[in-house]
Amino acid sequence: MTKSEALLKENSKYVPGGVASINRLTDPCICFAKAKGAYMWDLDGNKYIDYHAGFAPHILGFADKSQDRAVAKALDDGMALFGSGATADEGELAKLFLKGLPYADKVQFTNTGSEATAQAIRIARAETGRDHIILMQGGYNGQHNMVCANLMTDKAGLGGKQVKGDEYPLVPITAGIPKAEQKFIHAIPFNDLKAVRKVMKKYKIAALITEPVLQNIGIVKPQPGYLEGLRKLADQNGFLLIFDEVKTGFRAGIGGYQTIAKVAPDLSAFGKAFANGYPIAAIAGKQKYMDLAISDNPKKRVLIAGTYNCHPVAVAAAIACLTKLRDTKIGAFRHLEKLAKRLEKGQLELFAKYDIPVSIVRVGSAHCVYFCKTAPTNWWEVLSNHDFEFDKDYRRRLIDKGIYNFPVPCKQGSISLSHTEKDIDRTLKAIDQVLKAMTK
Ligand SMILES: Cc1ncc(COP(=O)(O)O)c(C=O)c1O
């Protein structure tokens, strides 16, 4: 990996840390030169079967031909960022997007998931006239001030003890959030309705925002009744329920996890998988909230605007991706489920063979191996039970064998439509070799 190291060193002279998004700085920090389908090649020419999927957007795989052709066609046809009026393509995308979402009436597009969650919270504040936000310890909802706190917080940061039925101490994951803004953020344990009840009695809550499945600390699923319980509490208390489906949306299935769970949020944020790696995100929800963007009442009107919103390249890419995901002849979700099951079954057999206690958690093609006996239900359980050191070593050794999972413990793996049974079997073979070496 000498070329990766040299490039990082060179880029660090001009870019802080040498990388464009600081969470891409890992150990090892491999720099890639190209990607196609399920594979990536690093600067030194090493080939990997990829499960990182660029932090999960690539659901079709890299450089999908039909998608790239659609993008080229849009440009050939003279589509540009006109920045005035509407385009037929963005209307088509909106229709296609909403077709899969039984709980949303309208949609608006942004460039990033962070913009989508920020706008959703703004709408909730405008609607309710309240300021406080509840979010999850172990959830990630973007890099802006309203939510940038309490992700993979260590035990010391959390006060050294597990909190039940209440909020955790606030631990921002960035410097620079004014104290005045921090007081509006309340981080609670996932799967803990008592905590919601307690916090909503103490503060005027505008919104509770949560990933329906926590997918930035591996895969932590909602327990039966939890999402339904959130819905009930939102109705009782008058706050808006926001599902952050930036990771789950269109990867769990068309329409996201809300469609699987059959729980209707007031608003949702989407991103990643619905455009297979092109930069576009969305806020979708009930008409009365979405229409605050055009409210007659200036005190309630929310500014949803952006120079690059619905850039024609991203719009063409998203239409092509959604069209392919919906194509029953292709059967994308059938394929993803089949491969993910094959990987899970093979892994379970191998971990049993080497007598390593694991818990594999999976939602469709999104998967995570926890090195502990029972699947965690919140971040504290991940912190307390998962073997982070083993996981780090395991990922690193797999990379050496040409299997790329992001080299940070308990980060989600993602399978794409381009992966094949052969890729899964090659992965399992590498896992077998790695576990053999690790248990020697
Ligand atoms: C659940 C979730 N919400 C929001 C975001 C922020 O999206 P973006 O990085 O596009 O701003 C992410 C990014 O990983 C995410 O996983």
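The ligand is surrounded by 15 residues, and the closest are Thr112, Gly113, Ser114, Gly142 and Val246. The model is a predicted one. By class, the shell around the ligand holds four nonpolar, eight polar and three charged residues. Helix H4, residues 113-128, gives the most to this shell, with three residues.

**Helix H4**

H4 has 16 residues, which at 1.5 Å a residue should span 22 Å; the C-alpha atoms at its ends are 23 Å apart, in agreement with that figure. The helix is largely enclosed by the rest of the structure, because 12 of its 16 residues are buried. The buried residues of H4 are Gly113, Ser114, Glu115, Ala116, Thr117, Ala118, Gln119, Ala120, Ile121, Ile123, Ala124 and Glu127. Two of these names, Gly113 and Ser114, also stand among the residues closest to the ligand. Just after the helix, Gly129 takes a positive phi of about 70°.

**Two further positions**

Lys288 lies in helix H9, residues 287-290. Lys288 has 12 other C-beta atoms within 10 Å and is therefore exposed, the cut-off for that class being 12 or fewer. Glu127, by contrast, is one of the buried residues of H4.

Leu233 belongs to helix H7, residues 226-237. Leu233 has 18 C-beta neighbours inside 10 Å, so it counts as partly exposed. Leaving out residues up to four places away in sequence, Leu233 touches Leu193, Val196, Arg197 and Met200.

The table gives a C-alpha separation for each of the two positions.

| Pair | Separation along the chain | C-alpha distance |
|---|---|---|
| Lys288 and Glu127 | 161 residues | 9.2 Å |
| Leu233 and Arg197 | 36 residues | 7.4 Å |

**Domains**

The domain assignment divides the protein chain into domain 1 (2-63 + 330-438) and domain 2 (65-326). The C-alpha centres of domain 1 and domain 2 are 25 Å apart. Across the boundary, 29 residues of domain 1 are in contact with 31 residues of domain 2. On the side of domain 1 that touches domain 2, at least two residues each come from helix H11 (332-353), strand E11 (359-363), strand E12 (366-370) and helix H12 (379-385). That side of domain 1 is made up of 19 nonpolar, nine polar and one charged residues.

Notes. Residues numbered from 1 in each chain as written. Predicted model: local features only at pLDDT ≥ 70, side-chain atom pairs only at ≥ 80, totals over all residues. Domains from an automatic or database assignment. Contact = placed C-beta atoms within 7 Å. Helix = DSSP H or I, 4+ residues; strand = E, 2+ residues; numbered from the N terminus. Nonpolar A, V, L, I, M, F, W, Y, C, P; charged D, E, K, R; others polar. Near = placed C-beta within 6 Å. Expected span 1.5 Å × (residues − 1). Buried ≥ 20, exposed ≤ 12 C-beta atoms within 10 Å, placed from the backbone.
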